[in-house]
Amino acid sequence: MIDTRDTLTQRVLPIAQDLFAAMVDGEPGLLEPVDALGAPIPDPVHAWVDIVGPTSWRTLVVTARPTADRIARALLQLDDDETVGLDDVRDALGEVANVVGGNLKGMLDGGSSLTLPVVDTTGPAVARAADHAQALLWRGEPLVISLWTSKDGEQL
């Protein structure tokens with residue numbers, strides 16, 4: 001087991017790539033890291049889970065609503081032209097956050113639990129910048145996975 005911030009942040013990319021290859025795309029290589037995004041994500045959808053334990057963590061996934069719709073279609077195995085509702089988007093993006101957070105939780109020493117995913121268009125209230133943000137392109141569309149760790153007993 002590990003408990004270092006550096007190791008967890010290094011695992012975000014491979015966890016996300018494995019998740020998308022297995023559950024979303026059915027093949028590797030469609031989720032790629034980028035150094036930074038050129039602009040803020042328009043019409044964002046945010047999904048997050050918290051790892052609660054001796055040290056608390058938050059995992060946040062953000063992408064544009066049209067991209068979230070595409071992810072939902074892929075996870076639900078729907079045709080590209082099928083309409084997805086907000087509940088479908090919540091389920092799909094929540095599952096992405098849940099799988100990433102759950103994999104990170106599994107790398108921590110015991111005694112941690114994972115909250116249920118929260119999916120919203122406004123995102124969680126945070127008082128500071130993320131400890132780690134991984135910018136990605138999925139099929140050419142921006143997606144960001146961010147991590148926060150509690151500091152000095154702060155509440156996430």
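Hi everyone. Let me start with a cut-off: a residue counts as buried when its relative accessible area is under 20%, and as exposed when that area is over 50%, with partly exposed in between. Keep that in mind, because D69, at 13%, is buried by this rule. One caution before we go on: what you see here is a predicted model.

My topic today is salt bridges. How many does a search of the whole structure find? The search gives five, and I'd like to walk you through some of them.

Let's stay with D69. Its partner is R65, and the closest N and O atoms of this salt bridge are 2.6 Å apart. Both residues sit in helix α2, which covers residues 65-75, and they are four residues apart, or about one turn of the helix. R65 has 22% relative accessibility, so R65 counts as partly exposed, whereas D69 is buried.

Next, please find R58. Which residue does R58 form a salt bridge with? The partner is D50, with 2.7 Å between the closest N and O atoms.

The last pair for today is D131 and R128. Their side chains meet in a salt bridge with an N to O distance of 3.2 Å. D131 has a relative accessible area of 17%, so D131 is buried. R128, on the other hand, comes out at 25% and is partly exposed.

Definitions and conventions:
Residues numbered from 1 in each chain as written. Predicted model: local features only at pLDDT ≥ 70, side-chain atom pairs only at ≥ 80, totals over all residues. Heavy atoms only, no water. Salt bridge = Lys/Arg side-chain N within 4 Å of Asp/Glu carboxyl O. Helix = DSSP H or I, 4+ residues; strand = E, 2+ residues; numbered from the N terminus. Buried < 20%, exposed > 50% of the residue type's maximum accessible area, 1.4 Å probe, protein only.
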